[in-house]
Structure formats: C-alpha cells, structure tokens
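Work through the following exercises with the sequence and the structure at hand. Each task is followed by a solution in steps.

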Amino acid sequence: MSDGTLHLPAAASLRRPLVLGPGARRAVILALLAAGWELYARWLGNSLLLPTFLETLGALWSETLNGELPQRVWASLEVLLTGYAIGIVLAAVITALAVLTRWGESLLSLLTSMFNPLPAIALLPIALLWFGIGSSSLVFVIVHAVLWPLALACHAGFRAVPPTLRMAGRNIGLSGPSYVFALLVPAALPSILSGLRLGWAFAWRTLIAAEMVFGASARSGGLGWFIFTNRAQLETANVFAGLLTVILIGLAVETLVFATLNRVTVRRWGQES
C-alpha cells in the first residue's frame with residue numbers, strides 16, 4: 001500500500017545540471033582560451049608571428065628563473081603604486097572640498113571637464129620636459145590617469161547619499177572632515193571601490209604604454225620596456241610572456257584585492273545592489 005510519498009527516480013537526480021561556482025567558471029573559460037590559442041598557433045605554424053601557448057609559458061618560466069622578468073615587474077609596480085597612492089590622496093582632497101564648499105564643487109567640475117578627457121599618455125612629452133627621463137615622469141602621468149576618474153566616482157557616490165542620512169550626520173555633530181570620512185565615505189563605498197578599480201585599470205595600462213615609449217633605461221625599465229626591447233629583438237615568445245604577465249597581474253589584483261575588499265565591506269554591509 002502506498003504511503004502517499006512521491007519517490008523520484010534516481011536517474012532524474014543524475015540529470016540535474018552541474019552548477020559551477022564563479023571561480024570554476026572563470027577557470028574553464030581561461031582553459032578554453034588557452035586551448036584556442038594553442039590550436040590556432042599550431043595551425044598558423046609561425047612562431048615569429050604567434051608563438052604557441054606552451055612556448056609562451058616556457059619563455060615566461062625562463063625569464064622568471066633568470067630574474068629578468070621579476071626585476072621588470074617590480075620596477076613597474078613600484079612606480080605604479082607610488083602614482084596610484086598620490087592619485088588617491090589628491091582625489092580624496094579635491095572631492096572632500098567639492099562636498100564641503102560650493103567653490104570646491106565648481107573647481108572639481110571645471111578640472112574634470114578639462115583634464116578627464118585628456119589621455120594620460122598625451123602628457124608624456126610634457127612630463128619628460130619637466131622631470132626628465134625617469135620614474136618621476138611615469139608617476140606624473142599615472143597620477144593624471146588615476147585622479148580624475150576616481151574623483152568623479154567618489155563625488156557621484158557622495159551625491160547619491162540620501163538626504164536623511166546627511167541630516168542625521170549633521171544632527172549628531174558631524175562636520176568638516178569627520179562628516180566626509182565618518183558618514184559619506186562608508187555610505188558611498190560601492191562608488192569609491194568602482195572608482196578605485198577604474199583608476200587602477202587606467203594607471204596600469206598607462207604605465208605599460210609609457211614604458212614602451214621610453215622606459216627610463218635598459219637597466220631600470222619596467223615591464224613595458226621588457227616588451228618593447230624583446231619586440232625589437234624579434235623575441236616574440238618573450239613579448240607574449242610580458243603581455244601574459246600584464247594580464248596575470250591584472251587578474252591577481254582584481255581577484256585578490258578588489259574582490260576581497262568588495263566581499264568584506266560592500267557585500268558584508270549589505271550595500272551591494
């Protein structure tokens with residue numbers, strides 16, 4: 001006699017689709033891209049134009065073991081982090097002024113209208129004229145690349161803070177810097193993180209492009225200079241190894257830094273839309 005319970009066949013449970021997490025999906029996509037690269041390069045059969053994925057990995061491993069690639073990467077990251085930090089500080093100051101005073105808001109609006117459309121790499125000749133060939137010129141163009149998109153993102157986030165929350169902050173005595181950093185910054189954190197992401201991407205690609213233009217010197221040049229010199233020597237596998245390094249660093253920063261910051265702040269505090 002039946003007890004009224006519905007029993008599903010075992011085969012039905014086996015037909016349920018396999019659900020992969022975000023990390024697994026990204027790994028599958030990367031594996032497919034690498035396989036496509038390998039197959040197309042083998043079909044093309046010209047390592048001077050396109051080395052295979054395995055040849056690129058071999059060049060990457062070789063240049064890492066001899067210390068050349070880590071030295072170039074460190075030279076680039078050192079300059080990048082310096083310019084990135086300066087850009088963040090300047091963006092914080094200008095945006096705070098824009099929130100607290102009408103003059104500051106007009107200043108931010110005018111400066112971003114003037115300089116945000118200007119590509120950072122276009123300032124490189126001026127930077128070379130003012131600072132000479134060296135890291136100072138690179139820091140200058142990186143600050144320009146970071147400052148304006150970050151300031152715009154922060155200001156947009158501050159303006160989106162609800163008026164009731166602003167009024168509550170004023171009622172408990174917040175004013176000046178405490179009003180900005182204790183109230184507006186936490187409330188606008190999703191926009192700020194988006195601006196930091198955008199500023200990092202602009203800074204990273206600006207640095208690589210600037211290093212490929214002049215690179216400081218063959219001794220102290222960074223990753224862009226590594227790519228440029230190997231291109232001149234027709235070491236295509238090394239060129240692709242440098243490009244792959246740029247991509248891997250970008251993925252690492254996105255996954256280990258920004259995704260972690262988003263998880264422990266925005267998502268944890270329930271600010272994710």
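**Exercise 1.** Find the salt bridge that Glu 38 forms, and state where both partners lie.

Solution. Step 1: a salt bridge needs a side-chain nitrogen of Lys or Arg within 4 Å of a carboxyl oxygen of Asp or Glu. Step 2: Arg 42 is the partner of Glu 38, with 2.6 Å between the closest N and O atoms. Step 3: both belong to helix 2 (residues 22-44) and are four residues apart, about one turn of the helix; helices are DSSP runs of H or I with at least four residues, numbered from the N terminus.

The model is predicted: local features need pLDDT of at least 70, side-chain atom pairs count only at pLDDT 80 or more, and totals for chains, interfaces and linings use all residues. Residues are numbered from 1 along each chain as its sequence is written, and side-chain values use heavy atoms, leaving out hydrogens and water.

**Exercise 2.** Is Glu 38 buried or exposed, and what about Arg 42?

Solution. Step 1: buried means under 20% relative accessible area, exposed over 50%, and partly exposed in between (1.4 Å probe, protein chains only). Step 2: Glu 38 has 10% relative accessibility, so Glu 38 is buried. Step 3: Arg 42 has 54%, so Arg 42 is exposed.

**Exercise 3.** Locate the salt bridge between Glu 254 and Arg 197.

Solution. Step 1: their side chains meet at 3.0 Å, N to O. Step 2: Glu 254 is in helix 12 (residues 236-267) and Arg 197 in helix 10 (residues 189-213), so the pair, 57 residues apart, links distant parts of the chain. Step 3: Glu 254 is partly exposed at 29%, and Arg 197 is partly exposed at 27%.

Note on methods: Helices (H or I, at least four residues) and strands (E, at least two) are DSSP runs, numbered from the N terminus.
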